[in-house]
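Got the viewer open and ready? Let's take a short walk through this one, one selection at a time.

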Amino acid sequence: MQGSPKKNSLFDQTKRHKGVGNATSASRQTFYGRVFGEMLQFQLMTEKDRREAAAIERRRAIEEERKKRIFNPKQRIIGTDIKALEQQIEEKKKLEAEKRKIDQIFDEQLIKSDQIALALGRKEYEERQKLAREINDFRSNFQKYEDRREFDLNDPKAIKRALPARVHDADPRLGISSFQKFEGEDLSSEERKKIQMEQTQSWLQQQMEERESADKERKTADEAYKAAVIARDQRAIELDMMERECRKRLERACCMFNRALADERYCVQQEKNRQEKEDNMAQMYNNMTSDMMTENPDVSFSNMGPNRRIGFLYKGMSEEEREEVRKQQLAQVEEAQKRRADEIRFQREWDEYSNGIQKTIAVMDKELARKERERRIALAEENKRLASEHKNHEEYMNKIVYRNKPTAAFFEQFNKSTR
């Protein structure tokens with residue numbers, strides 16, 4: 001068990017060495033000699049082996065030099081075309097000069113844009129400063145702190161500017177709850193009473209004058225209202241009398257017009273009745289003597305053909321024609337019965353045919369279902385078999401074929417030679 005890892009490593013090295021397609025035969029022999037030497041635990045070195053080793057070293061040096069040439073794609077593909085290289089250098093210099101010129105133009109344009117942006121920024125800053133100054137001036141002139149609506153609540157000198165709690169006894173600010181004026185402190189009571197009496201007398205005089213004036217105005221208004229009412233009633237009476245007179249005249253005229261209209265309508269109706277009576281008598285006579293009432297069969301024949309009749313003059317068929325119609329009807333009845341019997345027979349045959357087809361289809365469906373079940377069973381068995389084979393194959397590959405995992409040395413052996 002201790003020797004197996006070493007054998008496996010040698011086997012892997014041998015297999016990796018065989019996998020390199022561009023290795024030389026001499027290197028193979030040297031490799032095999034080294035491998036067998038390790039296996040036999042002794043080393044054989046002869047003159048021939050030394051020559052072969054020298055040849056291998058020489059070929060290895062040549063291979064290293066070849067690698068330097070081949071693994072350099074620039075030298076391998078382009079070569080050493082001096083004129084082309086010089087032309088490329090000149091073109092590269094021209095491109096660099098054009099690029100520097102374009103960069104310089106862009107830089108100049110960028111500087112101009114920066115200058116314009118700075119000028120616009122300064123202008124905008126000045127406009128903002130000007131607007132701020134105008135706003136501050138407006139605030140200082142028209143929005144002063146002392147002009148605010150609630151300045152009296154926030155005035156720091158409100159107490160200094162406020163009036164004393166009591167200036168004199170007639171101060172209107174002294175209310176009931178002011179605690180500034182008490183009972184017994186009425187110093188000007190006499191003057192106040194005198195003024196109150198005079199004021200009361202003036203009020204009474206003014207009320208009396210106002211009452212007298214109101215009485216006079218009320219009496220004047222009542223008299224004017226009574227006069228207006230009397231005039232209105234008088235005018236209403238006059239208008240009523242005029243309306244009655246107009247109605248009487250209108251009724252008399254309407255009666256006379258209606259009477260004349262009735263007389264005219266009576267005369268017209270009498271003439272109309274007489275004319276209608278004469279027309280009825282003439283129509284009765286014409287109907288009694290017409291071919292329709294006399295039932296003349298000859299007048300029903302049309303000039304369009306021998307068998308054509310005029311509908312509004314036709315009075316019915318003759319006995320021969322009725323007999324012919326009966327025969328035709330009997331023939332049509334027999335034909336209809338025969339056609340009905342044929343339809344019944346065809347329907348019965350069609351039903352039998354349909355039932356047969358349905359039975360056949362049912363049998364075929366059962367057969368197809370049975371075959372489908374058999375196919376599914378066979379498919380399931382085949383899938384089981386394939387799954388078992390796939391599982392066995394994976395176990396074989398994982399446990400037997402892919403037992404040895406590749407190491408880093410296996411990948412490092414590639415791209416080492418130019419052959």
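Start by selecting R235: is R235 buried, partly exposed or exposed? R235 is partly exposed, with a relative accessible area of 47%; here buried means under 20% relative accessible area, exposed means over 50%, and partly exposed lies in between (1.4 Å probe, protein chains only).

A word on what you're looking at: this is a predicted model, where local features need pLDDT of at least 70, side-chain atom pairs count only at pLDDT 80 or more, and totals for chains, interfaces and linings use all residues. Residues are numbered from 1 along each chain as its sequence is written, and side-chain values use heavy atoms, with hydrogens and water left out.

A salt bridge here is a side-chain nitrogen of Lys or Arg within 4 Å of a carboxyl oxygen of Asp or Glu. The two sit 3 residues apart in helix α8 (residues 189-288), so about one helical turn separates R235 and E238. E238 is partly exposed too, at 35%.

Next, jump to helix α10 (residues 319-401) and pick R345 and D342, also 3 residues apart. Their closest N and O atoms are 4.0 Å apart, in another salt bridge.

Stay in helix α10 for R385 and E382, about one turn apart. Their salt bridge comes in at 2.1 Å, N to O.

Finally, zoom out: the chain has 11 helices and 0 strands, counted as DSSP runs (H or I, at least four residues, for helices; E, at least two, for strands) numbered from the N terminus.
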